[in-house]
Amino acid sequence: MKLIENADDKVVTFSKRRSGIYKKISEITTLCGVDILFICFSPAGKPFSFGHPSVKSIVKRFLDNNIPPSDDHLVDTYLKERINAIIQQYNEVNRQMDASKEKEEALAQQTSERETNLWWETPPYQLNPRELEEHDSCYAELLNVLYRTRSKKLAGTTVMPTPRDPAQLNPLPTNPNEDVHAAFQSNNSRGPQH
């Protein structure tokens with residue numbers, strides 16, 4: 001190796017070698033986790049620098065005579081970031097689980113409400129007089145809906161059923177000893193009136 005005498009060749013070689021040195025410095029910082037500061041001057045006297053993590057931080061450490069941080073600092077930083085990411089994922093999963101539990105509870109409540117709201121399944125002997133009257137009006141309304149639906153389907157035929165008037169139904173017995181089932185059976189045995 002010897003000094004290049006031609007000025008133009010010096011500039012070209014300096015430019016190529018400077019890029020190669022920057023690449024090698026970048027590789028060593030990545031592979032070894034070290035902090036590096038590289039300063040050089042071109043043949044024309046122009047300064048060039050490369051620093052990791054930055055030129056300012058390395059110069060400040062150099063001027064303040066600070067001891068460089070060890071590799072443990074880099075590992076600790078990486079671990080903290082990784083732990084924070086895992087905590088965020090954990091919190092997100094917990095939030096999703098809580099939301100799904102709330103949906104499940106809401107669906108279970110709706111299902112239980114539907115099951116308890118089947119008014120026709122409650123045995124009449126378990127009802128008080130007010131509830132019996134409500135059931136009677138619900139049955140009458142149901143019969144009217146059924147007759148209207150049937151009427152619409154049979155609209156083209158000669159036989160037209162008439163809607164039932166709730167007043168035509170036999171009243172429920174007021175005496176609790178009387179058979180409620182018999183009253184409902186007598187109402188249903190009359191059938192549609194033409």
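## Exercises on aromatic pairs

A search of the whole structure, which is a predicted model, turns up three aromatic pairs. Let's work through some of them together.

**Exercise 1.** Work out whether the pair of Phe14 and Phe48 is stacked, edge-to-face or tilted.

*Solution.* Start with the distance: the ring centres of Phe14 and Phe48 are 5.6 Å apart, and rings pair if their centres lie within 6.5 Å. Next, take the angle. The planes stand at 55°, while stacked needs under 30 degrees and edge-to-face over 60. The pair is therefore tilted.

**Exercise 2.** Find which parts of the chain this pair ties together.

*Solution.* First place Phe14: it lies in helix H1, residues 7-32. Then place Phe48, which belongs to strand E2, residues 47-52. The pair therefore ties together parts 34 residues apart in sequence.

**Exercise 3.** Describe the surroundings of Phe48: is this residue buried or exposed, and which charged end sits over its ring?

*Solution.* The relative accessibility of Phe48 is 19%. Buried means under 20%, so Phe48 counts as buried. Now look over the ring: the charged end of Arg18 sits there, 4.1 Å from the ring centre.

Methods
Residues numbered from 1 in each chain as written. Predicted model: local features only at pLDDT ≥ 70, side-chain atom pairs only at ≥ 80, totals over all residues. Heavy atoms only, no water. Phe/Tyr/Trp six-rings, centres within 6.5 Å; stacked < 30°, edge-to-face > 60°. Helix = DSSP H or I, 4+ residues; strand = E, 2+ residues; numbered from the N terminus. Buried < 20%, exposed > 50% of the residue type's maximum accessible area, 1.4 Å probe, protein only. Lys NZ or Arg CZ within 6 Å of the ring centre and 35° of its normal.
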